[in-house]
2 protein chains.
Amino acid sequence: VSGHQVVPPVVLAFDVGGTSIKAAAFDAAFDGSDLQLRGEPLAEARRPSPQGPAVLDAIVEAAEELRAALDDDQRGRVAAAGVAMLGLVDVAGGRARHSVNLDLHDLDVVTPLTERLGVPVALGHDVGAAGLAEYRVGSLRVDDPFVVVIGTGIAAVSFVDGRPITGSGGQAGEFGHVVVRPGGRECPCGGRGCLETVASAGAIARIYEERSGTPVAGALDVLARTGSDPVAAEVWDDATSALADGLLTVCALLAPGAIVLGGGLGEAGVALTGRVQAHLKERIHVGVAPPVLSATLGSRAGVIGAALIALDALDNLERSR
Amino acid sequence: VSGHQVVPPVVLAFDVGGTSIKAAAFDAAFDGSDLQLRGEPLAEARRPSPQGPAVLDAIVEAAEELRAALDDDQRGRVAAAGVAMLGLVDVAGGRARHSVNLDLHDLDVVTPLTERLGVPVALGHDVGAAGLAEYRVGSLRVDDPFVVVIGTGIAAVSFVDGRPITGSGGQAGEFGHVVVRPGGRECPCGGRGCLETVASAGAIARIYEERSGTPVAGALDVLARTGSDPVAAEVWDDATSALADGLLTVCALLAPGAIVLGGGLGEAGVALTGRVQAHLKERIHVGVAPPVLSATLGSRAGVIGAALIALDALDNLERSR
């Protein structure tokens, strides 16, 4: 960045999830030669996620809404956009390779959006983006964390020497599909006993409803009942035990410096991290259990991560000039 | 290296295992500005591994034997030594932190050996060294492999962007202690159902002997019986299934570009890799099963890795001048 670009850029960020697209515009500033996000978003927008290629139209509409909310100076400084997308993403190729929830199959995202938004566009994976945000912007400052995002599903991103592990074809981080209960519940992926069949926010609510016959608003509602309802307590304990079993494997393979739990379920705070830490300490035999911490950015992690992806792309563009 | 050191160095390499120390002297040559090992070892030596700090004496004796076998020119070019050691190793601090098999507890390895061998000494983990050798010297040229070493125990090293993941405190790679059979056999680590209780070379021989009442020479002997002995076939299938279960987790978390199976059991070749690949393909639901390949260096991977550690240390020394 140094030298070439003296005007601090504004970036547009889009977190494309299974139910909605969260969009925000962020101001950036130079910190030495590095670009950093500046505080709160300048503008925010939200759209339901449409199925199929119409997702691109929804992103363009959200971008127009964001731009309309900016002042002239800010609008003139819009320099890049970042899109964090669920499902399988080909980051280098700029394509959404596969998403069951959005009915996407090998859709070029970057080429049409670059043209329609009029600025360079960078693509990333939603969980990877959220993990990046927790790591770089969140108040946690830990070495090489394993950042877990627990919502409808479970995914994770592992940092090594400050960089996320993306894996062959960008397919790393499928922590929700680690088998923790062999022969257990069927998973939509086709397997059985995957972590997310027991410990995702969706699974916690679903299993509680099955066992108790009582409808709940979600996993945090199940947590709220654990003090007085033994079924809720058991479901919560099963979920946190399963998370610990999965994390035990992560500790053996990767020995992360810390485990960070975020996403919707992360809002449970110490009721989640404390139980998982206790189960993990009980089970760990090889090595030492790392601290289990709450993520700090909540449901905004994805859109902040999308903004970071845009900033990184700008940075790379400048460096390659 | 460029410029400073024009004489190609000879390095001494020591692979310190639970039962023996394998030692070798290797010639190196410049390939552009990089140092590379040159072919076959100039000399080899072997010592039983003593318990406790006497391991250092055994290394010094092995070094003397190697030097005695070199000619004057080669002896004059000995420029560094590399030690690959089992157990927990503090690579940066140059200490053996913990090894049950060798009865080592926080032993300074690098300081006394540097003095006694008269050349710079670098320390590494035995499995890490073997993985490094397979990755850099072995005939396999794959991106970001997960290299598994299967012998008395099971450990692994995962490469990301060409560099091994070491983890917090150098404790990554304990693939043998991933739980694949919850509530299963007791593991010396204190856990139950760890991969190495079912799939290590030691476990395969032990379980066969238990079930059949027939003593065997080792896991490869069990493999040799699988054609005619249903108990042997079952034990082999259990072991390769368990390996696939563990690797399924690795694929979900890391999406390696290939899986490489080495160590003593790796000598089984396609009888091992083929079965593991088949079990893995059957089980994988998220992502694509990477190729499962045989390591190519066999039991010499560790000592070659120790030589690479010595070369890398020389390279770093030169670059920091």
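Predicted model: local features only at pLDDT ≥ 70, side-chain atom pairs only at ≥ 80, totals over all residues.
Residues are numbered from 1 along each chain as its sequence is written, chains are lettered from A and ligands numbered from 1 in the order written, and side-chain values use heavy atoms, leaving out hydrogens and water.

Let's start with helix α6 of chain B, residues 201-212. Helices here are DSSP runs of H or I, at least four residues, and strands are runs of E, at least two, numbered from the N terminus. The 12 residues of α6(B) reach 17 Å from first C-alpha to last, close to the 16 Å expected, that is, 1.5 Å times one less than the number of residues.

Which residues of α6(B) are buried? Among them are Ile204(B), Ile207(B) and Tyr208(B); buried means under 20% relative accessible area, with a 1.4 Å probe and protein chains only. Their cover includes β9 and α8 of chain B. Just after the helix, Gly213(B) takes a positive phi of about 75 degrees.

Now, the aromatics. The whole structure has four aromatic pairs over all chains, meaning ring centres within 6.5 Å (planes under 30 degrees apart are stacked, over 60 edge-to-face, the rest tilted; for Trp, the six-membered ring counts). One is Phe146(A) with Phe175(A), edge-to-face at 5.2 Å and 90 degrees. Phe146(A) sits in strand β9 and Phe175(A) in the loop between β11 and α5 of chain A, so the pair ties together parts 29 residues apart in sequence. Both are buried.

Methods. Buried < 20%, exposed > 50% of the residue type's maximum accessible area, 1.4 Å probe, protein only. Contact = heavy atoms within 4.5 Å.
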